[in-house]
Amino acid sequence: MRPGGPGYRRMSFALFLAGVATFALLYSTQALLPLISGDFGVAASDASWTVAAATGGLALFVLPMSALSERFGRRTVMTASLAVAVTLGLLVPFAPSLGVLVALRALQGAALAGLPASATAYLAEEVTPKALVTAIGLFVAGNSVGGMSGRVITGWVAQEWGWRVAVGVIGAIAVACAVAFRALLPAPANFKAGSLRPRVLARTVRDHLSNPLLCRLYAIGALFMTVFGGVYTVIGYRLTEAPFSLPQGIIGSIFLVYLVGTVSASTAGRLVGRMGRRGALYAAGGTTAAGLLVSLAGSLPLVLLGLVLITGGFFAGHAVASSAVSKTAAHGRAQASALYQSAYYIGSSAGSTVGAIAFHSGGWAGTVGVGLLAVLGVVTITVFGTRAARVQRRLTTAA
C-alpha cells in the first residue's frame with residue numbers, strides 16, 4: 001500500500017485507533033497518581049508502580065507476542081491483545097487495594113504487548129518502503145493522541161467523580177477503538193507464517209542483538225522513553241504543589257501538549273528526508289534537553305513550554321528510531337520491532353520509577369537531572385553511530 005492507494009486510509013486510521021487505545025490504557029493512571037496516592041495512603045514512588053507495572057509487563061511480553069504474530073498473523077494477534085487489554089481495563093476501577101491495582105495493570109501491559117511490534121511489522125510488510133516512516137509516524141501519532149486524550153479525560157472526570165470512574169471511562173473508550181480497529185484494518189496481503197520453534201526464535205533474536213545498528217536504536221528508544229516516563233509520571237505531583245497548586249482537571253488538561261507529539265511524529269519522515277536519520281536524532285535530543293532545562297523555571301507558561309519541547313522531541317526521536325529498526329531488519333521484523341519495544345518500555349518503567357525517586361529526593365530538579373543524563377546517552381550513541389558510519393564508508397571506498 002502507498003499513500004492515496006487502495007486501503008491505505010483505512011489501514012492508517014485503524015492503526016491510529018490501535019495506537020490511541022494502547023497509550024490511553026497503558027498510561028491511564030499516570031495523570032491520576034496524586035489521587036491514587038491519597039486514596040491508598042502511599043507515596044509517589046509507590047503509586048508510580050501502577051504505571052511501571054503496565055509498561056514492565058509490556059516490555060517482558062512483547063517478544064513472545066511478536067513470535068505469536070509471526071505464526072498466527074499480525075492482525076489476529078493485535079485483535080486478541082486489544083480484546084484482553086480492554087477487558088482488564090474494565091476491571092481496573094474495582095481494584096480493592098494498591099497491590100491488586102498493580103497486578104491488574106501488569107496483566108494489562110502484558111496483553112498490550114501484542115500491539116506495538118505487530119503493528120510495525122504489519123506496516124513493514126504491507127506499506128511501500130518510501131512511505132514506511134510516514135505510516136509508522138501516524139501510528140506513533142495515535143499513541144500521542146491516546147496518551148493526551150486519556151490524561152485530559154481522566155483529569156476532568158476524576159475531579160468530579162474520582163479516579164476509579166475516570167479509568168472506567170478510558171476502558172469504555174478503548175473498547176470502541178478496539179471494535180473500530182478490527183472492522184477497518186485490511187487483511188494482510190504479504191504475510192508469510194513463520195515458525196514458533198524456540199531455536200528459530202532464539203537464532204533470530206541473536207542475529208538482531210549482534211547487529212550494532214539495531215542495538216544502538218534499541219538503546220536510543222529506551223533512553224528517550226526514560227525521559228518521557230519520568231517527566232510525565234512526576235509532573236502531576238509538581239503541579240499540585242506550590243507555587244502552582246492546580247486542581248486535577250487543569251493538570252489533566254496540561255497533557256494537551258501531546259498534540260505537539262502528534263505533529264512531530266507524523267512529520268518525522270520529512271525530518272529524516274531533510275536531515276538524515278542521525279541528524280533527526282540530534283535535533284530530537286537537543287529539543288528534549290532544551291525542554292528539560294526550560295521546565296526548571298517557576299513560571300507555569302515556561303513549564304508548559306518545556307513540556308511542549310520535551311514532547312515534540314521525544315515523539316520525533318521515537319518515530320525516527322522505531323522506523324529505522326523496521327528498515328534495518330532484513331528478516332524477523334516482528335522480533336526486531338519487539339526488541340525495540342521491549343527496550344522502549346523498560347525505559348518507561350525505569351523512567352517512571354527513577355523519576356519518582358529523584359523527585360522525592362531532589363524535587364523537580366532531580367527528575368530533570370535524570371532526563372538530561374538520558375538525553376546525553378542518546379547524543380553519545382548517535383555520535384558513535386556517525387563515526388562508525390564514516391569508518392565504514394572509508395573502508396568501502398578503499399576496497
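Visitor: What share of the 399 residues of the chain counts as buried?
Guide: Keep in mind that this is a predicted model. A residue goes into the buried class when its relative accessible area is under 20%. Applied to the 399 residues of the chain, that cut-off puts the buried share at 57%.

Visitor: Is C177 buried or exposed?
Guide: The cut-off for buried is under 20% relative accessible area. C177 comes in at 9%, so C177 is buried.

Visitor: And which class does C215 get?
Guide: Buried stops at 20% and exposed starts over 50%, with a class in between. C215 has a relative accessible area of 29%, so its class is partly exposed.

Visitor: How many disulfides does the count come to?
Guide: A pair of cysteine sulfur atoms has to sit within 2.5 Å to qualify. By that rule, the number of disulfides is zero.

Visitor: How many helices does the chain have?
Guide: Don't go looking for strands here, as their count is zero. For helices, the chain has 16.

Visitor: What is the radius of gyration of the chain, and how does it sit against the globule rule?
Guide: For 399 residues the globule rule gives 21 Å. The chain's own value is close to that, so the chain is as compact as a globular protein of that length. The C-alpha trace spans about 65 × 45 × 40 Å along its principal axes. The radius of gyration itself is 20 Å.

Visitor: How far apart are the centres of the positive and negative side chains?
Guide: The chain carries 28 positive side chains and 8 negative ones.

How values were computed: Residues numbered from 1 in each chain as written. Predicted model: local features only at pLDDT ≥ 70, side-chain atom pairs only at ≥ 80, totals over all residues. Heavy atoms only, no water. Helix = DSSP H or I, 4+ residues; strand = E, 2+ residues; numbered from the N terminus. Rg over C-alpha atoms; globule rule 2.2 N^0.38 Å. Buried < 20%, exposed > 50% of the residue type's maximum accessible area, 1.4 Å probe, protein only. Lys, Arg positive; Asp, Glu negative; His and termini not counted. Charge placed at Lys NZ, Arg CZ, Asp CG, Glu CD.
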